[in-house]
Amino acid sequence: MRLLIIEDDRDAADYLVKAFREVGHVADLASDGEEGLALAMDGQYDVMIVDRMLPKLDGLTVIGTLRGKGVETGQVDDRVKGLRAGGDDYLPKPYSFSELLARIEVLARRRGVREEMIYRVGDLELDRLSHQVMRGGTEIVLQPREFRLLEYLMKHAGQVVTRTMLLENVWDYHFDPQTNVIDVHISRLRSKIDKGFSQPLLHTVRGAGYVVRDSR
């Protein structure tokens, strides 16, 4: 799913973004109502998580404005009044992430959003639920960070993924600290998924990034 989180509490917002990314979703963040409304109007989100008390524009106004403009994204608000403004669900604070995730998955199913649970590229298969990776019928054991790296690359199979994209979505860094952590993990991942196979799937695009593709 693609989610928009509109939340001015930075610690809570960063936690939610990281948690949703760890379970395989794409999460964007807005820290005030005006920014959130602009992102919601420009982007196509499956679900939005909207705090009620926001700077510049409160959450109820954001929801009401979106509904008035025909934006049908599923929304979770943290007060009953959110339902009256057009929200699809509400969840009082403090809430557990597992409960929030469950509510969002219900909204997504209601809206017909289907998340692909198995990624396949050539004879490489990644199961997001069981965290199992197979190639040519042989199981490949990956460390958690290696799994997240491969999952992100396979989600964008055939597309060049930049270092910045990997830092932000796999390591949660919002800048490039001149680290070789990506190079190290790419090398380890390549040795596990390509070594011993005649057809490499993980490719380096010089000066651009990396891509997983079946070149056959």
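This report describes the fold, the nonpolar cores and selected residues of a predicted model.

## Basis of the model

Local features are reported at pLDDT of at least 70 and side-chain atom pairs at pLDDT 80 or more, whereas totals for chains, interfaces and linings use all residues. Residues are numbered from 1 along each chain as its sequence is written, and side-chain values use heavy atoms, with hydrogens and water left out.

## Overall architecture

The chain contains eight helices and eleven strands; these are DSSP runs, with helices being H or I of at least four residues and strands E of at least two, numbered from the N terminus. Of its 216 residues, 43% are buried. Here buried means under 20% relative accessible area, exposed means over 50%, and partly exposed lies in between (1.4 Å probe, protein chains only).

Among contacts (heavy atoms within 4.5 Å) with a separation of 6 or more, 53% join residues 24 or more positions apart. The chain exposes about 11300 Å², of which carbon and sulfur atoms supply 48%; accessible areas come from the Shrake-Rupley method with a 1.4 Å probe, and for residues only the protein chains shown count as cover.

## The nonpolar cores

In soluble globular proteins, nonpolar side chains tend to be buried together. A nonpolar core is defined as a set of buried Ala, Val, Leu, Ile, Met, Phe, Trp, Tyr and Cys residues joined through side-chain atoms within 4.5 Å. The largest such core has 27 residues, and L150, L153 and L166 touch the most other members. Two or more residues each come from β6 (118-121), β7 (124-127), α6 (144-155), α7 (163-169), α8 (181-193) and β11 (209-212). Helix α6 gives the largest share, six residues.

Leaving aside residues up to four places away in sequence, L166 touches L149, Y152, L153, V161, W171, I182 and Y210. Another core lies apart from the largest one; this core has 14 residues, including I5, F20, L100 and L101.

## Helix α8 and its buried face

Helix α8 has 13 residues and reaches 18 Å from its first C-alpha to its last, close to the 18 Å expected at 1.5 Å a residue. The expected span is 1.5 Å times one less than the number of residues. Its buried residues are V181, I182, H185, I186, L189 and I193. Viewed down the axis of α8, these buried residues fall within an arc of 120°, so they line one face of the helix; the arc is that of the directions from the helix axis to the C-beta atoms.

R148 is located in helix α6 and is buried, with a relative accessible area of 14%. The side chain of R148 reaches the backbone oxygen of V170 at 3.2 Å.

A40 is located in helix α2 (residues 33-42) and is buried, with a relative accessible area of 3%. Not counting residues up to four places away in sequence, A40 touches L4, Y45, M48 and L66. A40 and V71 are 31 residues apart in sequence and 8.3 Å apart in space, C-alpha to C-alpha.

## Loop residues with positive phi

Most residues other than glycine have a negative phi. K56, in the loop between β3 (47-50) and α3 (59-68), has a positive phi near 70°. K56 is exposed, with a relative accessible area of 62%.

H131 has a positive phi near 60° and is placed in the loop between β7 and β8 (132-135). H131 is exposed, with a relative accessible area of 53%.

Notes: A polar contact is a pair of N or O atoms within 3.5 Å; within protein, one must be able to donate a hydrogen and the other to accept it, and residues adjacent in sequence count only if both atoms are side-chain atoms.
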